[in-house]
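Welcome, and please have a look at the fold below.

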Amino acid sequence: MRVLVIEDDAMLGKAIVQALEDAGMSVDWVRDGQLGDEAAAVGGHGLLLLDLGLPGRSGLEILRSLRTSGDKRPILVITARDELDDRVTGLDLGADDYLVKPFEVKELLARMRAVLRRHGGQAVSVLGTSEIELDLSSHEVTYRGLSQVLPAREFALMHALLERPGTILSRAQLEERLYGWGQEVESNAIDVLIHYVRRKFDKDIIHNVRGAGWMVPR
Ligand code: CA
């Protein structure tokens, strides 16, 4: 999943980006409210992490304009301890949840999973087909009885494919999903990841559709 982080605090922003990337997400981080607004409007992010106190444009304004324009994506608000009123306003404006600084990265990830579950209406944290199972919290993949915990990007690849079994994802679609803006992507990056996953399990775990992309069978 691709996440947009709008946070002006350099240290916190960096820590969040690192944690999310370690968890297999691709992250775009902006440190200014105006840029955040523009980045959110571009779309493509499955979840937004939004600080309230921002230069340029406040988090509440961004939230309000997104919800007013009918944007229903999950938004998790990050607030300072003394911003209680803003937090309440944020929830009223349609934020899905909030976290008070300072918070543990573990808690952030757990809240994100909870928000995503509510949005997806999923009661479970496992994606899968008849042959493959992917545990979204432990990053463990089980294929034909063999289980392995995947590193971040390999997990992100399988996550993308398993969200829509039977659907072909092109190289461009996978790159967009797995890498943030401005990130250098080697032309064979996706092939390398697929090679690693296949080597761990079996070639058949991911099907290659010549000239079109890759998929996992339903
Ligand atoms: Ca701030």
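## About the model

This is a predicted model, in which local features need pLDDT of at least 70, side-chain atom pairs count only at pLDDT 80 or more, and totals for chains, interfaces and linings use all residues. Residues are numbered from 1 along each chain as its sequence is written, and side-chain values use heavy atoms, leaving out hydrogens and water.

## The antiparallel sheet

Let's begin with the open sheet, where 4 strands follow the order β6-β7-β8-β9 with antiparallel pairing. β6 (126–128) and β9 (146–149) are the edge strands, each with a single partner, so one side of each lacks a neighbour in the sheet. From one strand to the next, the twist averages 20 degrees.

Strands here are DSSP runs of E, at least two residues, and helices are runs of H or I, at least four, numbered from the N terminus; two strands pair if DSSP finds at least two bridges between them. Between β7 (residues 132–135) and β8 (residues 140–143) there are 3 bridges, and L134 sits opposite V141 in β8.

## A parallel pair

β4 (residues 75–79) and β5 (residues 97–100) pair in the parallel sense over 4 bridges, with T79 opposite V100 in β5.

Conventions:
Axes are lines fitted to C-alpha atoms, for helices over the stretch in contact, and angles run from 0 to 180 degrees between N-to-C directions.
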